[in-house]
Amino acid sequence: MVVETPVWRWRARDLAALVGADTEVLLKLELFQYTGSFKPRGALTVMLDLDADALALGVTAVSAGNHAIAVAFAAKLLGTTAKVVMPRTASPFRVTRCRSYGAEVVLVDDVQQAFARVQQIHQEEGRAFVHPFEGPLTALGTATVGLEFCQQAPDLDALIAPIGGGGLCAGIAAAVKQLQPRCQVYGVEPMGANSMYLSIQAGSPQPVDQVRTIADSLGAPYALPYSFELCQRYLDDLVLIDDDAMRRAMGLLYGLSLIHISEPTRPY
């Protein structure tokens, strides 16, 4: 129900100038996953665990886009219905993509309202809430990214994973640290949505007062216990970056990788 996505060696002159010519940078290309992101891994793992009666009632989810699309996709695949809540600032393409899978989309003003609305739907309609980043089944699903990466690149020195709510990073870190214990695992989080950083500093899950970042898919309003505990246990460090750093990174990736992607690369 999910595909094993490729690992690609990123070669670019400007990248080499930043990291050194001897540093090999490998990217796990989850954009080639069903729906275009890693999210079906967790959504399907959660939904496949529902019994027939729960699945028949349908599912609900909250997301700026990728998770909502994944839940809509999984609902269609499993023969049920999805009602997803998204902020009005979500990409119109993502909203349309959700609807193309048959999901009902509810738009609200911001991500805080979105989480409140999805809980209301869960309580009033009995739909199973497929959380975007929390819980053992979600982490089990995202851990498959780390499992594949370790199989495809068996001698990693370091691995970098983004943090929104922490579900992806938690699963990847747990898998990698058990398969390649010497590999250093770093989480990267936006300064404007730094709930995991605040949580690790405080020693317990923390919220942010407001999400302020261009990285809408990483704009979780709070951390939660399960993903927090895995990140706390398995991350070697957590790094905060501002929006300007993300813009520069996107410019480097999108401006240069397309030039070099056709070059012959060693298979993984």
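Which residues does Leu78 touch, not counting residues up to four places away in sequence? Leu78 touches Met1, Leu44, Met47, Leu48 and Leu55, where contact means heavy atoms within 4.5 Å. I will come back to that residue after a word on the model.

This is a predicted model, in which local features need pLDDT of at least 70 and side-chain atom pairs count only at pLDDT 80 or more, while totals for chains, interfaces and linings use all residues. Residues are numbered from 1 along each chain as its sequence is written, and side-chain values use heavy atoms, with hydrogens and water left out. Helices (H or I, at least four residues) and strands (E, at least two) are DSSP runs, numbered from the N terminus.

Back to Leu78, which is found in helix α4. From C-alpha to C-alpha, Leu78 and Met47 are 8.4 Å apart in space, and they are 31 residues apart in sequence.

Helix α4, residues 66–78, packs against a sheet, so let me turn to that sheet. It is an open sheet of 4 strands in the order β5-β4-β3-β6, with parallel pairing; two strands pair if DSSP finds at least two bridges between them. At the edges stand β5 (104–108) and β6 (128–129), each with a single partner strand, so one side of each has no neighbour in the sheet. Strand β3 (residues 59–62) and strand β4 (residues 82–87) run parallel and are joined by 4 bridges. Val62 has Val85 as its bridge partner in β4. Helix α4 touches β3 and β4, and its direction makes about 170° with that of β4. Axes here are lines fitted to C-alpha atoms, for helices over the stretch in contact, and angles run from 0 to 180 degrees between N-to-C directions.

Now the other sheet. This open sheet has 3 strands in the order β7-β8-β9, again with parallel pairing. Its edge strands are β7 and β9 (237–241), each pairing on one side only. On average, neighbouring strands of this sheet are turned by 25° against each other, direction ignored. Strand β7 (residues 158–162) pairs with β8 over 5 bridges, and Ile160 has Tyr186 as its bridge partner in β8. Strand β8 (residues 184–190) has 5 of its 7 residues buried, so it is largely enclosed by the rest of the structure. Buried means under 20% relative accessible area, exposed over 50%, and partly exposed in between, with a 1.4 Å probe and protein chains only.

Next, a helix pair. The axes of α8 (residues 167–179) and α10 (residues 225–234) come within 8 Å and cross at roughly 40°. That makes α8 oblique to α10, since angles under 35 degrees count as roughly parallel, over 145 as roughly antiparallel, 65 to 115 as roughly perpendicular and the rest as oblique. The contact includes Ala170 and Ala173 of α8, and Leu230 and Tyr234 of α10.

Thr35 lies in the loop between β2 (25–28) and α2 (39–47). Most residues other than glycine have a negative phi. Thr35 is not a glycine, yet has a positive phi of about 75°. Is Thr35 buried or exposed? Thr35 is buried, with a relative accessible area of 9%.
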